[in-house]
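This report looks at selected side chains and their partners. The structure comes first.

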Amino acid sequence: MKASRTADTRPSWFSRHSGALFASGFGLVFAVAGLLIVFLAVPSTRGRAEMVEALAVVSPLTAAAQPLGARVLLEGRIASDTPEVMRDFVAFRRREFRGWKEDGARRREQWETKEIVTPPLILGDSSERVPITVGGYEMSGEPHRWRSTEGLEHTLFGSSTQEITGFRRGDVVTADGVLEDGAQGRSIRAAHLAGGTSDAYRESLRESVLALQIVGLVFSGVGGILFLAGLISLYRARVGM
């Protein structure tokens with residue numbers, strides 16, 4: 001009689017080493033992401049910050065002294081007769097609350113941007129004014145916030161908390177853009193509108209560089225540790241076979 005074969009019930013090699021493989025793969029992804037941040041995102045953001053540092057700072061009163069086509073930081077107040085587009089906002093970002101995300105012991109709010117409205121604005125008072133002639137600029141440092149509910153609410157089929165952040169008449173802002181020839185003097189084609197002074201805008205860019213450096217180093221460090229730990233585990237398993 002032929003001897004019967006005993007079925008091999010041992011788990012596969014991939015099953016036995018799935019933890020080490022997962023750690024190596026996960027670590028490699030983190031390490032690559034961190035290196036991309038350090039070597040691509042950080043230099044790009046630093047270059048932008050250095051470029052902004054070199055720009056001339058003007059006001060509606062002194063903008064006419066700069067040549068046409070010059071990129072400047074225009075610092076001024078939003079004029080009192082600037083049209084309001086939502087409640088008392090002249091430019092705004094509307095977000096909707098989408099619930100909480102559990103992150104270990106922490107709960108993080110999740111928001112979805114539903115609408116961004118950035119129309120032309122007017123900076124300055126009645127005597128010296130510089131209009132932002134074209135909308136579509138980026139916004140940062142919006143000083144005002146309004147929410148539709150006192151607490152955060154989210155329902156699948158009902159209404160959720162709406163949040164509006166933006167600018168109002170009289171706010172001090174800094175427009176990063178190029179001076180043009182307007183109908184009544186200088187105007188500016190703004191690429192970015194930041195809340196506060198030009199110094200605050202520059203400081204926010206410097207802080208962005210530092211934050212990216214920290215994130216990149218953390219990602220690459222943690223990823224490298226996980227990747228090496230997985231490789232060491234696989235090597236030890238191989239040697240012990």
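## Terms and model

Buried means under 20% relative accessible area, exposed means over 50%, and partly exposed lies in between (1.4 Å probe, protein chains only). Helices (H or I, at least four residues) and strands (E, at least two) are DSSP runs, numbered from the N terminus.

This is a predicted model, in which local features need pLDDT of at least 70, side-chain atom pairs count only at pLDDT 80 or more, and totals for chains, interfaces and linings use all residues. Residues are numbered from 1 along each chain as its sequence is written, and side-chain values use heavy atoms, with hydrogens and water left out.

## The salt-bridge network

The structure holds 16 salt bridges. Each is a side-chain nitrogen of Lys or Arg within 4 Å of a carboxyl oxygen of Asp or Glu. Side chains of opposite charge can pair when their charged atoms come close.

One network links Arg95, Arg145, Arg147 and Glu163. Glu163 pairs with Arg95, with the closest N and O atoms 2.6 Å apart. Glu163 sits in strand 9 (residues 162-167) and Arg95 in strand 3, so their bridge ties together parts 68 residues apart in sequence. Glu163 is buried at 3% relative accessibility. Arg95 is partly exposed at 26%.

Glu163 also bridges to Arg145, at 3.8 Å between the closest N and O atoms. Arg145 belongs to strand 8 and Glu163 to strand 9, so this pair joins parts 18 residues apart in sequence. Arg145 is exposed, with a relative accessible area of 55%.

## Arg93 and Glu142

Arg93 and Glu142 form a salt bridge at 2.6 Å, N to O. This pair links distant parts of the chain, 49 residues apart: Arg93 is in strand 3 (residues 91-103), and Glu142 is in the loop between strand 7 (138-140) and strand 8 (144-147). Arg93 is buried, at 19% relative accessible area.

## Two positions in helix 3

Ser220 lies in helix 3 (residues 198-239). Ser220 is buried, at 18% relative accessible area. A polar atom of its side chain lies 2.9 Å from the backbone oxygen of Gly216. For the backbone oxygen of Leu217, the distance to a polar atom of the Ser220 side chain is 3.1 Å. Beyond neighbours within four places in sequence, Ser220 is in contact (heavy atoms within 4.5 Å) with Phe30, Ala31, Gly34 and Leu35.

Gln213 is also in helix 3. Gln213 is partly exposed, at 28% relative accessible area. With neighbours within four places set aside, Gln213 contacts Val42 and Arg46. Gln213 and Val42 are 171 residues apart along the chain, yet their C-alpha atoms are separated by 6.4 Å.

Note on methods: A polar contact is a pair of N or O atoms within 3.5 Å; within protein, one must be able to donate a hydrogen and the other to accept it, and residues adjacent in sequence count only if both atoms are side-chain atoms.
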